[in-house]
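The sequence and structure are shown first.

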Amino acid sequence: MRRDLVLATSLVVAIASPARAQTPRDGIDALARGDYQATASVLNPLVESWPPAGPLPDFVMGALYENGIGVPADRLRA
């Protein structure tokens, strides 16, 4: 019974809390913290989306791919 209550409460909280979209600023904040994997996970979907997020996410992702920081090195993607 308690497990069902916890599950139901979690579901209500998840539905009631709107998902916050990731922005280039979130990626740059992760970069400033030195969390390169988080930077890539935030910026990569923005770079691959349409319309483009802008030149800054493209530049940062290119630098990460060129140097193999937070992502595997890939000169073609860079």
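Of the 78 residues of the protein, 23% are classed as buried, meaning under 20% relative accessible area with a 1.4 Å probe and protein chains only. The model is predicted: local features need pLDDT of at least 70, side-chain atom pairs count only at pLDDT 80 or more, and totals for chains, interfaces and linings use all residues. Residues are numbered from 1 along each chain as its sequence is written, and side-chain values use heavy atoms, with hydrogens and water left out.

The protein contains four helices and zero strands, where helices are DSSP runs of H or I with at least four residues and strands are runs of E with at least two. The order of elements from the N terminus is α-α-α-α. Overall values are tabulated below.

| Property of the protein | Value |
|---|---|
| Accessible surface (Shrake-Rupley, 1.4 Å probe) | about 5,900 Å² |
| Share of that surface on carbon and sulfur atoms | 62% |
| Share joining residues at least 24 apart, among contacts (heavy atoms within 4.5 Å) between residues at least 6 apart in sequence | 32% |

The axes of helix α3 (residues 36-47) and helix α4 (residues 55-67), lines fitted to C-alpha atoms over the stretch in contact, come within 9 Å and cross at roughly 130 degrees. The two helices are therefore oblique to each other, as angles over 145 degrees would count as roughly antiparallel, under 35 as roughly parallel and 65 to 115 as roughly perpendicular. In this contact, Tyr36, Thr39, Ala40, Leu43, Asn44 and Val47 of α3 meet Pro57, Asp58, Val60, Met61, Leu64 and Tyr65 of α4. These residues comprise nine nonpolar, two polar and one charged.

Technical notes:
Axes fitted to C-alpha atoms, helices over the stretch in contact; angles between N-to-C directions. Nonpolar A, V, L, I, M, F, W, Y, C, P; charged D, E, K, R; others polar. Buried < 20%, exposed > 50% of the residue type's maximum accessible area, 1.4 Å probe, protein only.
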